[in-house]
Amino acid sequence: MFDHNITFYGKHADYLRKLAPSKIAGESLIQRQTLFGSNIDVITVAPLIGFMFDRKSNQEHSDDITKNNIMLEQVLKVRAQLTLSFRLLMLLANDGNPSEEERIDRAFRYEGNPEKLKPLENIFFQYMRGGIEILYERLVRDANSTEDDIQNILSLAEECKSMVKGFSKEEINEMYKE
Amino acid sequence: MLIKRIEIKNFRQFKDEQSVDFCTDPVKNVTVVMGDNGAGKTTLAQAFTWCLYGKVNFKRVELINREVRDSLIGNDKANVIVRIFILYKERNYRITRVQKCYAKSVRGVDEVFSVEERKTNGDWVAYNPTQAYYIVNEMLPESLASFFFFDGEHINQMSKELLERRKSEHFRSAVRGLSGLNATHEAIEHFGNEGRKNSVIGAFARQIDTFGNRRLEILAGQSDEWNEKKEQAEKRLSEIVPEIERFSSDISENNRKLGEMTAAIKSRDLYEKLGNKNVQLRKSMEDIKKSLFKFFSTNFCEYIQALYAFDVDEILQETKKVDEGIPDITAQTLEFLLKRGKCVCGAELTSDEKKKACLQELIMDLPPHSLNIAIGNFKKEMCSVTRHGNQFFDGIIDKIKNIEALRGEIDSNDNQRSMIEDAIADQDEVKEINHKIAIAKQQNQKYTEEKIKCQVALNLAETKLKGIKAEREALLANDERNRKNRIFLLYAERVAQDLKDIYQKKEEEVRSDLEKNINKIFEDIYDGGIHISVDRDYNITTTVNKSEFLQDGSDIDQNTAQSYAIIFAFISGIIELSKKKRNGSKVDGEIEDDVYPLVMDAPLSSFDTRRIRQICEELPKIAEQIVIFIKDTDGDVAEKYLGDRIGSRWKMKAERPTSTRIERRD
């Protein structure tokens, strides 16, 4: 799992480029400061955002837009985070109305089973693309200045918080105590 | 002096010995010599100057009579002789000039000049050559001779010099001579100056220098050198001091202006300070924004993951699948050990079924068959993520608060800046004033340093000069001769200056007198109407006095008669001066001699009858003795107007072109 290049096409390639600087040869850097320091920071959070806003998106094929390729080397840097997001998503996602046991199996058991894993990965990447769309729409599309960026960051953070049940430090300590 | 007689022999056309006696009577003082053109009137006039001074003015330089010259054969010789008998200071003199001519050399290289005085016993006693020269020049200085013996050609020359403003040194020296200024002039020349070593002053000055020892010369040189340095320093100081004052004043003035602008400058400082602060604040804000974005980028994922921690915990709580396992050992590891038949501890597994069964049971609790370990790891990761993620929101808020605070400060500063904007000083003006002050200070410093140097140089020069002076004075005091010579030099300089003053004053007086005399005489001859002025160079300017006489009062053209009249007037003026001088400088007991002969060649031919009458009336008054050469045709006119003044009459008769005879006509 997460041992290949990850490539985006069409609008997702474009959106990703606007969310984070891309260093593909021959492509000029987007002048305005991007919100994300790197596209790997985007792809780690995007699947959960897609899930949070219930947005899945299929891969686009466009010859007009240059594809946006994240090399394996970069992918491996965030493999642990991607895996964590994958497991969270598999536990939480309702696609196919899985039972509790099935959620756990999806999250943990099929890692060494490509046949079982493939459709799950598809779901993960669908949410990832949906999340990129959401991040683009919320953070980039209508923003014209860093002030807008800051405002958008704050709004998105608050909205995310409001969409998921919040918890205190004590609750966290209780949850994960040894 | 009066000319009593002239004797001539073989002088030009006067062959053999001939003579003319001139009247010396005070009343009948005119001697008329008549002769036609070419008869030898001019030659006779020239005979006087040749005899007295050895000078003639002939185009042909040969003096000897041609007939005589032509008669000379072999070693024959002939003498040209002119002898003049003169009455001077009641004494009789005989002045003789002889030119010896040989057949081969008729120009006569041998010339003998002699002056003899007749003693009471009747003997003629000769003077030695120096005395001879001296007595003749005393009777009538050579420089003045041309005014007393002149011919028509001479009048032309004088006319040119006087009226055409040519160099009139001739007249200047004549005037000096007649007015007694020559001696003064000579004296002044004799005194000279320090630059002329042969003059009195020059000699004294040199004696001072040469009498002093070498040390004095060195001191003189050093003195000049230090004086020059002193002057330079003084001159430079006189230039520098006002500059320093000027720049000091500039500094004060500009500082005053700056003072007046203090409040405005303070506002400017605050304005700039706030501006600079805002630049820093904006940079800080940008930095915080960057850090906000970075914080967001790196922590947003954990934040979102953490948000779901509770939900996944609930899911995991509901399952029973979280069991105990062995960390980091998978089912594949145990299957490998069973297949190998040997445990990691070395125990044999093939024969021990009980051990095998234990391991196979354990396989079911290990991944992938057991998820306990994976879920446990997941939970640990989630714990860490949640702890970090929970700080995300507060972190974002903190940074945004910081940004807002900075923004507030920036806005406040900007507001303050805009409020004081109108009150701030013109930065350019302040800058310019500061620039002026800086330059003035720099210049002031420069000139002050130079002033100090100049003062040091001046002090040094003064000290040196003082030393030199003291040493020089000591040396000079020790040298008696030097001391005396210094006194002599001072006397000489003083006397020379006095003489110069006298000379200048006297010359001015003389010139003024001359001018008056000339005008007076000219008026008598020429009805007046024309004023003659004599300038410093003895040039004559004639101006019309009466407006009706000519249309303008400028210099007028002179016709020949008028020119002659002016010359007459001028000569008369000079003679008057001479008389005055002689009377003025007479020594007690000295015999007076203020009488002069006037020998003129054809003076009347240019005038009309009326003028001739006037001239004839005036001439005898001017000179005590008149010798006048006139053409036969003018004889009647002269006779008419000079009749009662004529003492003797002579007639020149040209027998041949080379021979003229003079005969008494009475």
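**Exercise 1.** Classify Glu111(B) as buried, partly exposed or exposed, and describe its salt bridge.

*Solution.* Step 1: Glu111(B) has a relative accessible area of 38%. Step 2: buried means under 20% relative accessible area, exposed over 50%, and partly exposed in between (1.4 Å probe, protein chains only). Glu111(B) is therefore partly exposed. Step 3: its side chain meets that of Arg97(B) in a salt bridge, 3.2 Å from N to O; such a bridge is a side-chain nitrogen of Lys or Arg within 4 Å of a carboxyl oxygen of Asp or Glu. Step 4: Arg97(B) lies in strand β5 of chain B and Glu111(B) in strand β6 of chain B, 14 residues apart. Helices (H or I, at least four residues) and strands (E, at least two) are DSSP runs, numbered from the N terminus. Step 5: Arg97(B) has a relative accessible area of 8%, so Arg97(B) is buried.

The model is predicted: local features need pLDDT of at least 70, side-chain atom pairs count only at pLDDT 80 or more, and totals for chains, interfaces and linings use all residues. Residues are numbered from 1 along each chain as its sequence is written, chains are lettered from A in the order in which they are written, and side-chain values use heavy atoms, without hydrogens and water.

**Exercise 2.** Check the length of helix α9 (residues 214–260) of chain B.

*Solution.* Step 1: the expected span is 1.5 Å times one less than the number of residues. Step 2: for 47 residues this should give 69 Å. Step 3: the end C-alpha atoms are 68 Å apart, which agrees.

**Exercise 3.** Describe where chain A and chain B meet.

*Solution.* Step 1: 49 residues of chain A are in contact (heavy atoms within 4.5 Å) with 48 residues of chain B. Step 2: the two chains have two salt bridges between them. The side chains of Lys289(B) and Glu147(A) meet in a salt bridge at 2.4 Å, N to O.
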